[in-house]
Every structure is written in structure tokens, then in C-alpha cells.
Amino acid sequence: MAKTHIVEPLAIEMLATNVRKYRLKANISQTVLADLVGVSYSQIARIELAEINTSVSMIYLIAKALEIEPSKLLEK
């Protein structure tokens, strides 16, 4: 039986908006955030553009780099 992948566009958009908001509040570029998280600049850009459905682990690492609680990245 094949797995069904469930995608919630609203959650992806909220994450995108909040990553950008808190990154700008921290006054850092996407490149700096990518370096802090240990991923490529393009991955951060794609998250902020809501182009990818990222993992819980990535949400945790981004929050840690931004020095905020992970839940902040999923708030409306």
C-alpha cells in the first residue's frame, strides 16, 4: 500500500511568512540563516517562498538559529 502525502498549504504559508518575519527581525540574511542552520541558501529561500514542505527537524533548527521557540514559526 502506497503512502499518501498530505500537504496543508496554509501551514506551509504560515511557516514561510514566519521564517521571513523572524529572520528580518533578527536582521540576518537568508545566507546567514542558511549557514547557521547548516543548509544551502536555496533551501531557506524555498522555505520562505512556500515552495517546499519542510521537516519538523528543519523547523526546530531554524527556530534554534533564530533564537525563538519552534511554535512561533507556525503561529497565525
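Guide: This is a predicted model. Its protein chain carries 9 positive and 8 negative side chains, and the centres of the two sets lie 2 Å apart.

Visitor: What makes a side chain count as positive or negative here?

Guide: Lys and Arg count as positive, Asp and Glu as negative, whereas His and the chain ends are not counted.

Visitor: Why is Arg-23 called buried?

Guide: Buried means under 20% relative accessible area. Arg-23 has a relative accessible area of 5%, so it is buried. This residue lies in helix H1. Leaving aside neighbours within four places in sequence, Arg-23 is in contact with Ile-28, Ser-29, Gln-30, Leu-33, Glu-48 and Leu-66.

Visitor: What share of the protein chain counts as buried?

Guide: Of its 76 residues, 34% count as buried. In the largest nonpolar core, which has 16 residues, Val-19, Leu-33, Ile-47, Ile-62 and Leu-73 touch the most other members. Helices H1 (9-25), H2 (30-37), H3 (41-48) and H4 (56-66) each supply at least two residues of this core, and H4 gives the most, with five.

Visitor: Which secondary-structure elements does the protein chain contain?

Guide: The protein chain has four helices and zero strands, in the pattern α-α-α-α along the sequence.

Visitor: Why is the protein chain called as compact as a globular protein of its length?

Guide: The globule rule gives 11 Å for 76 residues; the radius of gyration is 12 Å, close to that value, and the chain is therefore as compact as a globular protein of that length.

Definitions and conventions: Residues numbered from 1 in each chain as written. Predicted model: local features only at pLDDT ≥ 70, side-chain atom pairs only at ≥ 80, totals over all residues. Heavy atoms only, no water. Core = buried A, V, L, I, M, F, W, Y, C linked by side-chain atoms within 4.5 Å. Buried < 20%, exposed > 50% of the residue type's maximum accessible area, 1.4 Å probe, protein only. Contact = heavy atoms within 4.5 Å. Rg over C-alpha atoms; globule rule 2.2 N^0.38 Å. Charge placed at Lys NZ, Arg CZ, Asp CG, Glu CD.
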